[in-house]
Amino acid sequence: MTLNHVRRGEGSPLLLVHGLGAGWRSWEPILDDLAASREVIAVDLPGFGDSPPLDGEVTVAALADAVAGFIEELGLEGVATAGQSMGGRIVLELARRGVGGDTVALDPGGFWSDRELAIFSATLRPSIALVRALRGALPALMGNPVSRTALLAQLSARPWALSAQTVLPDVAGLADAPATGAAMDALTKGPTQDGAPAGTAPGRVTIGWGRRDLVTVPRQARRACRAFPDATLHWFDRCGHFPQWDAPQEAIRLILDRTS
């Protein structure tokens with residue numbers, strides 16, 4: 001499968017993998033700043049953005065297979081990767097397999113306890129249903145700080161401070177992407193994330209976590225680091241589930257500093 005993607009900038013390549021939502025546009029708050037220093041390739045996962053859905057069952061492994069195939073197709077062996085949320089889990093899965101180079105995973109999924117997973121499913125599924133029901137009104141709702149705060153309190157530490165331009169692509173993507181429901185099933189009904197023994201990842205592994213993340217809660221960071229013992233952990237203060245929303249300059253510095 002050829003995945004839709006954009007390429008910007010020059011320099012050492014950096015592959016960006018999004019989470020549930022807008023596809024590659026999830027990275028727009030920081031994409032141009034990253035591209036000022038690197039050649040950035042931002043991909044739409046199958047069933048998101050402008051990439052066609054998978055033919056078979058949607059699983060984290062199948063999504064990682066699609067990205068691994070994309071890397072091979074474009075001759076990007078050894079490429080540095082950065083991912084957020086589900087995309088963070090996918091880039092960690094690629095590192096576990098020995099695919100790619102340096103890896104930065106921001107608030108990755110897959111490290112929850114049974115209780116945390118149940119809460120994740122019970123809270124995010126109704127939120128997705130709500131944004132689908134409100135799809136036509138989302139531009140206006142995201143433009144108002146009061147309604148934006150009410151709708152995005154689970155995703156951002158400071159939703160009132162964000163712009164509609166920043167958040168609308170991801171929120172609308174939750175409603176529009178054909179693969180949203182199947183990907184949620186993969187995250188909530190599939191296995192948790194396997195780790196990589198010390199010394200086996202193909203490059204440096206960095207895990208970034210928002211201290212105010214209410215989706216993948218901060219205590220999951222310890223489990224992620226136990227699974228990837230070579231990883232360096234970076235905490236984003238006053239940051240929720242989307243560092244590219246709440247701490248864009250810090251996210252840019254982390255990605256550029258920890259990949260080559």
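**Salt bridges in a predicted chain**

At 41% relative accessibility, Arg7 counts as partly exposed. Please bear in mind that the model before us is predicted.

Let me first describe the chain as a whole. The secondary structure consists of eleven helices and seven strands. For 260 residues, a compact globule would have a radius of gyration near 18 Å, and the chain, at 17 Å, agrees with that. The C-alpha trace spans about 45 × 40 × 40 Å along its principal axes. Buried residues account for 54% of the 260. Of the contacts with a separation of 6 or more, 75% are between residues 24 or more positions apart. The accessible surface is about 10,300 Å², and carbon and sulfur atoms contribute 51% of it.

I turn now to charge. There are 24 positive and 28 negative side chains, and the centres of these two sets are 8 Å apart. Side chains of opposite charge can pair when their charged atoms come close. How many salt bridges does the count come to? The count is 13, and I shall discuss three of them individually.

In one of these, the side chains of Glu39 and Arg7 meet, with 3.0 Å from N to O. This pair links distant parts of the chain: Arg7 belongs to strand β1 (residues 5–8) and Glu39 to strand β3 (residues 39–43), 32 residues apart. Is Glu39 buried or exposed? Glu39 counts as buried because its relative accessible area is 19%, under the 20% cut-off.

Next, Arg223 forms a salt bridge with Glu116, and their closest N and O atoms are 2.5 Å apart. Arg223 lies in helix α9 (residues 220–227) and Glu116 in helix α4 (residues 114–133), so the pair ties together parts that are 107 residues apart in sequence. Glu116 is buried, at a relative accessible area of 7%, whereas Arg223 is partly exposed, at 24%.

Helix α4 also carries Arg125, whose partner Asp185 lies in helix α8 (residues 180–189), 60 residues apart. The side chains of Arg125 and Asp185 meet in a salt bridge of 2.9 Å, N to O. Both residues are partly exposed: Arg125 has a relative accessibility of 29%, and Asp185 has a relative accessible area of 31%.

With that, I conclude the presentation.

How values were computed
Residues numbered from 1 in each chain as written. Predicted model: local features only at pLDDT ≥ 70, side-chain atom pairs only at ≥ 80, totals over all residues. Heavy atoms only, no water. Helix = DSSP H or I, 4+ residues; strand = E, 2+ residues; numbered from the N terminus. Rg over C-alpha atoms; globule rule 2.2 N^0.38 Å. Buried < 20%, exposed > 50% of the residue type's maximum accessible area, 1.4 Å probe, protein only. Contact = heavy atoms within 4.5 Å. Areas by Shrake-Rupley, 256 points an atom, 1.4 Å probe, with all protein chains shown as cover. Lys, Arg positive; Asp, Glu negative; His and termini not counted. Charge placed at Lys NZ, Arg CZ, Asp CG, Glu CD. Salt bridge = Lys/Arg side-chain N within 4 Å of Asp/Glu carboxyl O.
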